[in-house]
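Take a look at the model below. We will go from a sheet to one residue in it, then out to the loops.

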Amino acid sequence: MVEPDFSKTLLLEVLRAAGTGNAQCADCGTADPEWASYKLGIFICLNCSGIHRNLPEITRVKSIHLDFWENDLVEFMKTHGNLCAKAKYEAKVPPFYYIPHSKDCLVLKEQWIRAKYEREEFVATSVCHETGSSGDCLWRVFSLVRPKSQELQSCVCQPDAEASAGSREGFLWKRGRDSRQFLKRRFLLSATEGVLKYYTKELIPKITRNYFKEGYMEKTGPKHKEAFKKRWFSLDSQERNLFYFKDPLDAFELGRVFIGSKEQGYEVQADLPRGVTGKRWKAGLTIVTPHRKFVFVCENDREQKEWTAALNEVISQPLTA
């Protein structure tokens, strides 16, 4: 049995050995770590050791100065160390991944530690052990933390070998802010911007589409008693849709009106239904469909004539299969 003082002397030599990275916490970089994981072979700070304690199946910790160290544990620490663990557990950290530092909150550090050791997300030779009966990888839950607000967002995805490419677009299931329900969302990851964006609806390819007519009009609701609201309208003659947006550069429309053919009972009237008047703009326009009338007002007579002509041209075209 090795004497406690000699064992501790050997451990301190391992801690201070050059070229091992042991002089800083393996997880957050804090200088002069006073704790160590004898299952992972790393030296860590007090704060990170508290997180490691919550993962007893993955890691076990001891104080460098206060606890007794058996000879075999010291030898294990000597043959491993922080740089050795980094080469294994941080081999494939994506360039966009935020690695917490000593001054960051515990939430960030915990997610980082769990990602490395519990889920082994960045291990070079890692293989997904969570497989279904067909051998396909199951969905994986992960969390995103905003450093400033410490707000935690949970998402679900399938493990992907291309996830470290730095730029990616695809679907994830995102948990709502006020509920536990997961909703499917399209995400766009940009390493150059350092941003992960998500959209609540599919993007409309507005940039590549030439709209037949665009501009502002005011629109009322189905009862024609609702207040007129200013909206940006885009007429797609190919798809026979009149989209309306809150602003011209919005990615998603607030709604759309299908423009059928004259044979189906669609028509445009350059006026307003009886009893309906605009509050600011007075040049009325009504699209009559088999089911209801859509009522708009234009800023001036010229806009009214242009919209009427554009809509009539779409209505005059027969529907194609």
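In what order do the seven strands of the open sheet run? The order is β12-β11-β10-β9-β15-β14-β13, with antiparallel pairing. Strands here are DSSP E runs of at least two residues, helices are H or I runs of at least four, and both are numbered from the N terminus. Two strands pair if DSSP finds at least two bridges between them. From one strand to the next, the twist averages 35°. Angles run from 0 to 180 degrees between N-to-C directions, with axes fitted to C-alpha atoms, for helices over the stretch in contact.

This is a predicted model: local features need pLDDT of at least 70, side-chain atom pairs count only at pLDDT 80 or more, and totals for chains, interfaces and linings use all residues. Residues are numbered from 1 along each chain as its sequence is written, and side-chain values use heavy atoms, leaving out hydrogens and water.

Now zoom in on β10. Five antiparallel bridges join β10 to β11 (residues 241-245). F233 faces Y244 of β11. R231 also sits in β10. At 17% relative accessible area, R231 is buried (under 20%; exposed is over 50%, partly exposed in between; 1.4 Å probe, protein chains only). Its contacts (heavy atoms within 4.5 Å) include Y216, Y244 and L254.

Helix α6 (residues 301-316) lies across several strands, including β9 and β10, at about 115° to β9.

Finally, the loops. D32, between α1 and β1, has a positive phi of about 55°. D32 is exposed at 63% relative accessibility.

Definitions and conventions:
Lists of a residue's contacts leave out its neighbours within four places in sequence.
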